[in-house]
Amino acid sequence: MLATQNKIVVRAAFALLFGCAEGFACDGTIVNVASGSEVPFAEISSQIRASASVLLGERHGVVAHPRSAACLLQSLAEESGPTVSLVMEHLRSDQQSAVDLYRESHPEVAGGLGPALKWWETGWPAWKIYQPLVEAAWQQRASLRAGDISKADSDRLRNSASRDASAYPALVASWGEAMAEAHCGLIEAGRKVELGALQVVRDMSMAKAVESAPGRIVMLYAGRAHIRKDRSVPQHLGARKAISVALWETRDGRGPVDRAKVISDSKGRYDFVWFVGETSERPVCDRLRQGGLIK
């Protein structure tokens with residue numbers, strides 16, 4: 001009875017920390033991409049435990065996505081014991097020592113990690129968006145590992161990454177097209193190759209971090225594009241199995257998301273799509289076109 005009461009108290013504290021109830025954080029609808037059918041949260045949790053790895057892909061800046069990841073991490077840790085590792089795209093390898101030093105000094109309080117890393121200089125959305133996920137890692141005693149390459153390597157590879165990714169021409173080409181689209185078609189062919197190769201190198205780094213992370217279950221939290229089975233991190237995991245779950249907003253600045261189209265486009269890319277959260281933002285290129293800055 002005492003153990004059950006303690007568990008309830010811990011969950012209540014978790015809800016207070018994250019500003020939501022337990023069911024809210026794990027809310028939303030999860031769809032099996034292959035069948036197109038909705039699945040209960042327990043089923044996806046069971047598949048992740050059997051696989052031992054989950055790749056969770058966000059839309060950067062959607063508040064509900066890290067909170068959903070926090071709920072999933074909590075669930076996996078409660079069911080599997082303190083043997084879960086969290087790898088984040090948002091952390092560079094040269095920041096790992098700072099993460100470890102902060103955690104050693106603050107084993108119970110994760111909130112100060114953002115300021116310790118000078119998060120405002122990283123280019124990622126606000127620290128408060130990702131703090132709930134890091135808080136969950138602290139609460140569950142999950143290891144927190146950096147997934148991205150160092151800043152020095154990023155700067156070094158920006159114009160020469162194609163050499164490091166030369167073994168993956170198809171992946172570089174696919175990433176290059178994605179980068180051209182992200183830049184609203186305003187980059188030249190050579191630059192597409194360079195940027196595409198850089199993303200492949202980053203995928204390789206995240207895959208290596210997943211493979212080397214301690215614990216029985218490893219969660220990679222990254223952008224949706226980095227967890228695609230046909231192009232990204234899964235291509236570099238070797239024999240390690242991983243479940244790929246795309247977090248997808250239910251509504252954006254254009255209105256309700258076309259779920260049927262999302263599922264159709266996700267075939268071969270993700271195992272599951274988790275519809276949760278909203279954003280008021282329109283795609284960058286849409287905003288630039290609306291403002292008359294590009295055609």
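**Exercise 1. Disulfides**

Step 1: Another disulfide joins Cys184 to Cys285, with an S to S distance of 2.0 Å. Cys184 is placed in the loop between helix H10 (169-182) and helix H11 (189-212), and Cys285 in helix H13 (residues 284-290); the pair therefore ties together parts that are 101 residues apart in sequence. With -95 degrees about the S-S bond, the link of Cys184 and Cys285 is left-handed.

Step 2: When bonded cysteines are counted along the chain, the disulfides follow the pattern 1-2, 3-4.

**Exercise 2. Burial of the cysteines**

Task: Decide whether Cys71, Cys184 and Cys285 are buried or exposed.

Solution. Step 1: The cut-off for a buried residue is a relative accessible area under 20%.

Step 1: Cys71 has 3% relative accessibility, so Cys71 counts as buried. Cys184 has a relative accessible area of 14% and is therefore buried. Cys285, at 11% relative accessibility, also counts as buried.

**Exercise 3. The surroundings of His226**

Task: Locate His226 and describe which residues His226 touches.

Solution. Step 1: His226 is found in the loop between strand S6 (217-223) and strand S7 (243-248).

Step 1: The relative accessibility of His226 is 4%, so His226 counts as buried.

Step 2: Leaving aside residues up to four places away in sequence, His226 touches several residues, including Glu89, Trp175, Gln199, Arg202 and Asp203. The side chain of Asp203 makes a polar contact with the side chain of His226 at 2.6 Å.

**Exercise 4. Strand S10 and its partners**

Task: Determine how strand S10 pairs with S1 and with S7, and whether the faces of S10 are covered.

Solution. Step 1: S1 and S10 run antiparallel and are joined by 4 bridges. Thr29 has Phe275 in S10 as its bridge partner.

Step 1: S7 and S10 pair in the parallel sense, over 4 bridges. Here Val245 stands opposite Phe272 in S10.

Step 2: Both faces of strand S10 (residues 272-275) are covered. Phe272 and Trp274 are buried on one side, and Val273 and Phe275 are buried on the other.

**Exercise 5. The protein as a whole**

Task: Summarise the overall composition of the protein and the confidence of the model.

Solution. Step 1: The secondary structure comes to 13 helices and 10 strands.

Step 1: Of the 295 residues, 48% count as buried. The accessible surface comes to about 14000 Å², and 54% of this belongs to carbon and sulfur atoms.

Step 2: Among contacts between residues at least 6 apart in sequence, 79% join residues at least 24 apart.

Step 3: The mean pLDDT of the protein is 87, and 88% of its residues reach 70 or more. Over residues 1-24, however, the pLDDT is below 50. Where pLDDT is low, the predicted coordinates should not be read in detail.

Note on methods: Residues are numbered from 1 along each chain as its sequence is written. This is a predicted model: local features need pLDDT of at least 70, side-chain atom pairs count only at pLDDT 80 or more; totals for chains, interfaces and linings use all residues. Side-chain values use heavy atoms; hydrogens and water are left out. pLDDT is the predictor's confidence in each residue, from 0 to 100. Contact means heavy atoms within 4.5 Å. Buried means under 20% relative accessible area, exposed over 50%, partly exposed in between (1.4 Å probe, protein chains only). A disulfide is a pair of cysteine sulfur atoms within 2.5 Å. Helices (H or I, at least four residues) and strands (E, at least two) are DSSP runs, numbered from the N terminus. A polar contact is a pair of N or O atoms within 3.5 Å; within protein, one must be able to donate a hydrogen and the other to accept it, and residues adjacent in sequence count only if both atoms are side-chain atoms. Accessible areas come from the Shrake-Rupley method with a 1.4 Å probe; for residues, only the protein chains shown count as cover. Two strands pair if DSSP finds at least two bridges between them.
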